[in-house]
Amino acid sequence: MGDAFRPVVIGVDIGTTSTKAAGYDVDGGQLAHHSVGYPLDEPQPGYAEQDARHIHAAVLESLRTVVAELDRPVAGLSFGTAMHSLIGLDRDGHPLTPSITWADSRATRQAERLRAAPSGLALHRRTGTPVHPMAPLSKLLWFADQEPVLFGQVAYWVGIKDWVLLRLCDALVTDHSVASATGLMDLSRLSWDAEALGIAGITAEQLPELVPTTTVLPGLTAEAAAATGLPRDTRVVVGAGDGPLANLGLGAVAPGVMACSIGTSGAMRVMVERPGVDPLGGVFCYALTEHRWVVGGAINNGGIVLEWAGDALAPELGEDAEEELLALAALAPAGSGGLIMLPYLLSERAPHWSALPRGAYVGLTNGHRRAHLVRAAMEGVCQQLALVLASVRGAGNEVREIRAGGGFSRSPLWRQMLADVLGMPVRFPAGHEGSGFGAALLGMQALGLVPSVDVAAELVHIESTAYPDPAAAATYAALLPLFSELYDALVPTFTSLRRLAPGLSPE
């Protein structure tokens with residue numbers, strides 16, 4: 001088949017800070033791509049929200065640019081999205097609220113109240129979503145408590161991808177993957193959970209129709225077709241959440257192969273064939289397809305910790321000082337001379353799922369210098385991921401291989417440190433890292449262009465492998481129990497600090 005006739009699927013990844021669109025052929029070759037950014041608004045402490053109209057405009061612009069660059073017809077579109085977003089719509093589908101993102105922590109008290117209730121852990125195990133401020137269930141409780149008039153005016157509660165698809169295709173649907181991250185869907189039945197809806201104070205009629213991630217919508221509205229340059233009969237695959245799709249992007253589709261990503265935040269996920277959460281609720285469980293689920297945990301504090309270290313510890317280096325900071329961290333030994341950092345600058349998620357913790361340095365002596373502080377911050381991120389790995393294994397899942405991607409993977413120091421802390425080789429694929437490629441692969445399966453998403457393991461090629469250094473790995477293994485114990489030891493302090501926080505502004 002000549003190149004001009006080879007099918008192209010455009011993967012659209014609706015992220016927290018930008019939307020990325022890219023066209024791929026069935027061999028995984030990227031033919032065109034474009035990204036459009038937008039702001040994350042923080043009008044009050046704990047708020048993290050966006051104007052849904054900006055995101056819709058970014059989707060249209062990214063698609064229009066990619067379509068114009070392609071020299072062959074588009075077989076279809078397929079979508080990925082940041083999970084846990086929540087938007088209230090009126091009867092006509094217009095937003096009554098901003099898009100409340102995963103990073104928004106305004107629902108902390110509601111989440112803690114629900115988590116402490118007898119039904120809290122049972123909800124987590126049944127829905128797969130931890131009871132945490134990130135979850136739409138907790139956000140709904142906040143609206144009911146704090147904005148009762150607005151709460152009563154909302155006709156539909158949706159996520160950002162749901163709203164974009166409503167604008168593009170005039171269909172109000174949500175996929176099982178995104179729904180599995182709301183805290184409102186029963187994993188075993190793939191239906192809205194009656195108890196969760198009752199707690200939230202909403203009805204199933206106020207939520208989109210639940211559909212499989214491979215559902216194909218018949219086409220675009222006339223307005224969307226004109227705005228993107230695509231035919232109206234372009235097939236649109238509903239798609240999935242960015243976490244499960246990132247596993248596809250790394251080729252981590254077989255059971256036992258874990259995907260690790262560190263961008264601003266971080267996550268570790270492993271594919272399983274049946275849904276399930278460990279008895280202690282340390283991991284999430286989100287859907288991808290009927291026979292593919294991911295179990296894992298996300299952390300709030302990834303690359304953002306290194307950015308903070310640059311601003312706070314080495315401001316004279318200015319912006320874009322990542323290489324200088326990494327060189328500085330490399331001057332300190334593994335273990336940072338006994339200095340431990342809890343990297344909870346933006347509170348934390350897995351495996352404790354609490355918005356309570358704050359960052360802390362422990363073990364500081366007059367022998368420590370700036371290099372130790374920067375390295376300890378990086379080590380703290382990796383140690384937190386090691387706790388997530390332990391929780392995934394504690395949930396009964398085998399992890400025999402780790403594949404990693406994200407912005408951090410450009411750094412040899414980050415790569416080696418991750419392998420040393422996890423105590424396992426870490427493999428780094430070339431090229432298609434990310435949810436956009438995963439969305440395109442899922443779309444190819446849905447459109448019958450590939451037999452299944454399992455082809456990801458063949459299309460993603462390993463570029464390099466970091467092997468743990470025995471001495472460094474032993475150091476980190478000795479420090480990990482101390483790192484883990486510090487969370488529990490400091491909970492009373494975290495609690496007191498939150499009580500005093502209104503009078504202790506950093507400004």
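1. In this predicted model, a patch of negative charge on the surface is formed by Glu307, Asp311, Glu319, Asp320, Glu322, Glu323 and Glu324. Two helices, H11 (303–313) and H12 (322–329), each supply at least two residues of this negative patch, and the largest share, 3 residues, comes from H12.

2. Is Asp320 buried or exposed? Asp320 has a relative accessible area of 77%, and because exposed means over 50%, Asp320 counts as exposed.

3. Strand S16, which covers residues 266–272, is mostly covered, with 7 of its 7 residues buried. In a regular strand the side chains alternate between the two faces of the sheet. In S16, Gly266, Met268, Val270 and Val272 point one way, while Ala267, Arg269 and Met271 point the other way, and all of these residues are buried.

4. Which strands does S16 pair with? Strand S15 (residues 257–262) runs antiparallel to S16 and is joined to it by 5 bridges, and a hairpin of 3 residues links S15 to S16. Strand S18 (residues 292–299) also pairs with S16 in the antiparallel sense, here over 7 bridges.

5. His84 lies in the loop between strand S5 (74–81) and strand S6 (87–89), and with a relative accessible area of 6% it is buried, because buried means under 20%.

6. Where in the chain does Leu190 lie? Leu190 is placed in the loop between strand S10 (185–186) and strand S11 (191–192), and its phi, near 55°, is again a positive value in a residue other than glycine. The relative accessibility of Leu190 is 30%, so Leu190 counts as partly exposed.

7. The last point is a peptide bond, the one that joins Ala350 and Pro351, which is cis with an omega of about -5°. Pro351 has its place in the loop between strand S19 (340–342) and strand S20 (360–362).

Definitions and conventions:
Residues numbered from 1 in each chain as written. Predicted model: local features only at pLDDT ≥ 70, side-chain atom pairs only at ≥ 80, totals over all residues. Heavy atoms only, no water. Patch = residues over 30% accessible without salt bridge, like charges linked within 9 Å, V, L, I, M, F, W, Y side chains within 5 Å. Areas by Shrake-Rupley, 256 points an atom, 1.4 Å probe, with all protein chains shown as cover. Salt bridge = Lys/Arg side-chain N within 4 Å of Asp/Glu carboxyl O. Lys, Arg positive; Asp, Glu negative; His and termini not counted. Charge placed at Lys NZ, Arg CZ, Asp CG, Glu CD. Helix = DSSP H or I, 4+ residues; strand = E, 2+ residues; numbered from the N terminus. Buried < 20%, exposed > 50% of the residue type's maximum accessible area, 1.4 Å probe, protein only. Pairing = 2+ DSSP bridges.
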